[in-house]
Structures are given as structure tokens and as C-alpha cells.
Amino acid sequence: MVQFLGAIRLAPSSSLFGFAHSRLRFSLPKYSISVSRDGYPQFKRTFNASLQSKSADAQTAVQAPAEQSEIIFLGTGTSEGIPRVSCLTNPEKTCPVCSKATQLGSKNKRLNTSILIRHPRFPGSCNILIDVGKFFYHSALRWFPTYGIRTIDAVIITHSHADAIGGLDDLRDWTNNVQPHVPIYVAQRDFEVMKKTHYYIVDTSVVTPGAAVSDLEFNVIDEEPFLVRDLKFTPLPVWHGIGYRSLGFRFGNICYISDVSEIPEETYVLLKDCEVLILDALRPDRSSSTHFGLPRAMEEVRKIQPKRTLFTGMMHLMDHEKVNEELIKLRDTEGIDVQLSYDGLQVPITL
Ligand SMILES: [Zn+2]
Ligand SMILES: [Zn+2]
């Protein structure tokens with residue numbers, strides 16, 4: 001069941017962009033460009049086109065056919081991101097994975113766990129985001145132009161840690177410039193946290209008149225299935241540390257569980273006949289108090305028996321190539337299809 005809570009909003013400002021001056025100034029590394037207000041739309045199109053073509057050049061992304069549903073992994077790493085800054089500044093020793101992660105196109109470079117579900121709808125398609133963490137802006141900057149993603153039609157929240165909700169403020173770019181508002185689907189306990197961490201977005205009456213913050217529409221969910229733009233989502237309640245609840249989500253035969261230390265017995269029923277399982281696997285050797293490690297995650301894969309598994313939420317001890325080389329052997333030995341995911345991975349799905 002979904003309970004709709006209209007956000008408390010001020011009347012929208014008359015200008016979408018809220019410019020205070022008649023001339024706009026754009027600062028680029030070596031340039032400062034001044035454009036008259038009338039010339040702004042044309043400048044914006046040219047500027048965006050140049051940004052987009054650069055991103056597309058850097059990444060050989062293939063845009064899926066319009067009728068094909070797909071998942072795009074916006075982030076597959078831990079809260080602090082990979083590479084860790086502390087590893088790169090350590091004079092004592094070199095961290096092999098973080099060093100590799102600095103190389104262009106490295107699959108070891110990981111931002112906060114998040115996926116985008118692109119679901120065809122007429123007209124166009126519907127983009128549903130699961131989690132909007134601290135590094136959301138950087139993920140979106142990297143992958144939205146590459147994959148031609150424009151709107152954010154809904155955001156579903158797994159839990160209220162910073163790497164899942166820290167980017168709520170960045171949604172202002174969408175609600176100021178792309179669309180009127182973004183619907184957020186969130187459990188009551190996590191909404192209570194947002195009231196503290198993002199009080200000015202939940203209650204926009206506290207914002208200085210004229211300032212433009214994210215315009216979000218909060219929908220409180222419980223642990224029952226709910227619809228987002230006609231697509232059914234079934235919450236998969238799990239433990240993410242003792243006494244702390246996080247939600248995974250099932251849509252179609254895809255199950256996404258990004259933050260888990262224990263799966264309650266009643267949740268296994270919801271994981272039956274899973275085609276693609278996306279599952280938390282923090283480190284290669286052992287679990288932590290809040291996350292599965294690879295051995296435990298593999299135990300769960302053998303129990304749940306999905307057709308295909310992609311791990312996510314990996315820390316800097318997980319070397320993409322090395323771990324995947326080992327995991328791929330399980331296809332021959334056990335008939336298990338399991339791999340680490342990576343930022344920017346695009347997976348066609350059937351919904
Ligand atoms: Zn490291
Ligand atoms: Zn968490």
C-alpha cells in the first residue's frame with residue numbers, strides 16, 4: 001500500500017531557472033563565456049550537445065531498442081567510493097585495486113550502489129531509479145548522457161544511509177530544468193530520517209523565497225507490493241545489520257538486494273523463480289556486520305537459485321577482473337552464472 005504525502009511546497013518561481021541577472025556567466029576551465037539572456041536556449045543546446053558527444057566518445061555505449069526494458073548500473077561500490085582517497089595518498093603501500101581504479105574505463109572504479117530501470121512506455125520510456133546516494137550527481141553525469149537518459153520518473157529508496165539518500169538535493173537539476181517534480185517511494189522509517197537530513201526538501205516552506213530546491217513528492221510504502229507507473233514492485237525486507245531494516249525490490253523476475261547482512265525466512269518466498277539476482281557482496285573473504293561477503297553471498301545464490309547473479313556493493317578489496325575470473329569457473333563446475341557488476345553495465349531484461 002502506498003500512502004501519498006504531498007510535499008509542502010512554495011508556489012513555483014515564475015522562471016524555471018531563477019536567473020537574477022540579464023546576462024549569464026558560464027565558467028569553464030579556460031574560458032568565461034557571457035551570453036545574452038535571449039541567446040541562452042541556443043547556447044544551452046550547443047553546450048549540452050558538446051558535453052554529450054564527449055561522453056559518448058569516451059564510452060562505447062549502445063542504446064537499447066526503445067521497446068527493450070533494461071537495467072543500467074549507476075553505481076556498484078561502497079559508501080566511500082572506489083578508489084579510496086586514503087589508498088591513493090598512502091605512502092606506506094600501494095593498493096592494487098584503487099590504483100587500477102584510477103585508470104580510464106576501469107571496472108574497479110565504483111560509486112554508490114544504484115540502478116536505473118528503463119521501462120518502455122508509450123510515449124517514450126519510464127526511468128525508475130533505485131537509490132540516490134552521495135555520488136548520484138557523478139553517476140548521472142557519467143551515464144545519463146551516455147545512455148540518453150533525460151527524465152527521472154520515480155526514485156525508490158532501499159534505506160536511509162547517506163549512500164542511498166545523500167543525492168536527494170541533486171534532484172533539483174531535474175525539477176528545475178527537466179520536469180515539475182520527482183516522486184519518491186520510501187518506507188516510513190526512512191522518511192522520518194529524511195525529515196531530519198533533508199528537512200528543507202520535505203518542508204519547502206522553510207526555504208528562502210526564490211531559492212530552488214528539489215521538488216519531491218513523497219509516497220510512503222510499507223512492505224506490501226506497490227505500483228510505479230504500472231510496474232509492480234514487491235519489497236524484499238532484509239536486515240542490514242542487527243535490528244536495521246533495508247528493502248530490496250522485486251520487479252518482474254528481477255530481484256535487487258543491495259544492502260543485506262541477513263535474509264529473513266519469509267523473504268525467501270518472494271525470491272522464488274528469480275531470473276536475475278542483484279546481490280550485495282562487500283568483500284572477497286568474509287561478511288561484515290552489515291553486508292554479505294562473497295562466501296555468504298555465494299551461499300545465498302546456491303539457496304535462491306537464480307538463473308543469473310550480479311554482485312554489487314563491492315569494496316576496494318574486490319578486484320573486478322580477478323574475482324570474475326574465479327566466478328566464471330562456476331559455470332562449468334556448478335552450472336552457476338555469477339559475476340561482479342560494474343558501473344555503467346547495461347543489462348536487457350524482460351518485464
Ligand atoms: Zn584501496
Ligand atoms: Zn547502508
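Colleague: Two strands pair if DSSP finds at least two bridges between them, and both helices (H or I, at least four residues) and strands (E, at least two) are DSSP runs numbered from the N terminus. In which sense do strand β14 (residues 276-280) and strand β15 pair?

Modeller: This is a predicted model, in which local features need pLDDT of at least 70, side-chain atom pairs count only at pLDDT 80 or more, and totals for chains, interfaces and linings use all residues. Residues are numbered from 1 along each chain as its sequence is written, while chains are lettered from A and ligands numbered from 1 in the order in which they are written. Within this pair, L279 stands opposite F311 in β15. Five bridges link β14 and β15, and the sense is parallel.

Colleague: How many residues of strand β15 (residues 308-312) are buried?

Modeller: A residue is buried if 20 or more other C-beta atoms lie within 10 Å of its own, exposed if 12 or fewer, and partly exposed in between, with C-beta atoms placed from the backbone. On its other pairing, β15 runs parallel to β16 over three bridges, with T309 opposite V338. β15 has five residues and is mostly covered; the number buried is four.

Colleague: Which strands stand at the edges of the open sheet?

Modeller: The sheet has seven strands with mixed pairing, in the order β10-β11-β12-β13-β14-β15-β16. Two of them have a single partner strand each, so one side of each is left without a neighbour in the sheet: these are β10 and β16 (338-340).

Colleague: Which residue in the turn between β10 and β11 has a positive phi?

Modeller: β10 (residues 226-228) and β11 (residues 231-239) pair in the antiparallel sense over three bridges. L227 is opposite K232, and F226 has F233 as its bridge partner. The two strands form a hairpin with two residues between them, and the turn residue with a positive phi of about 50° is R229.

Colleague: Which residue takes a positive phi in the hairpin of β11 and β12?

Modeller: β11 and β12 (residues 245-251) run antiparallel and are joined by six bridges, where P235 stands opposite F249. Five residues lie between the strands of this hairpin, and the one with a positive phi near 95° is G241.

Colleague: How far apart are the end C-alpha atoms of helix α4 (residues 136-147)?

Modeller: The expected span of a helix is 1.5 Å times one less than its number of residues. Nine of the 12 residues of α4 are buried, including F136, W143 and Y147. At 1.5 Å a residue, α4 should span 16 Å, which agrees with the distance between its end C-alpha atoms, 15 Å.

Colleague: In β5, which residue is the bridge partner of I71?

Modeller: Strand β4 (residues 69-75) is mostly covered, with six of its seven residues buried. It runs antiparallel to β17 (residues 346-349) over four bridges, and I72 stands opposite Q346 there. β4 also runs antiparallel to β5 (residues 114-120) over five bridges, where the partner of I71 is I117.
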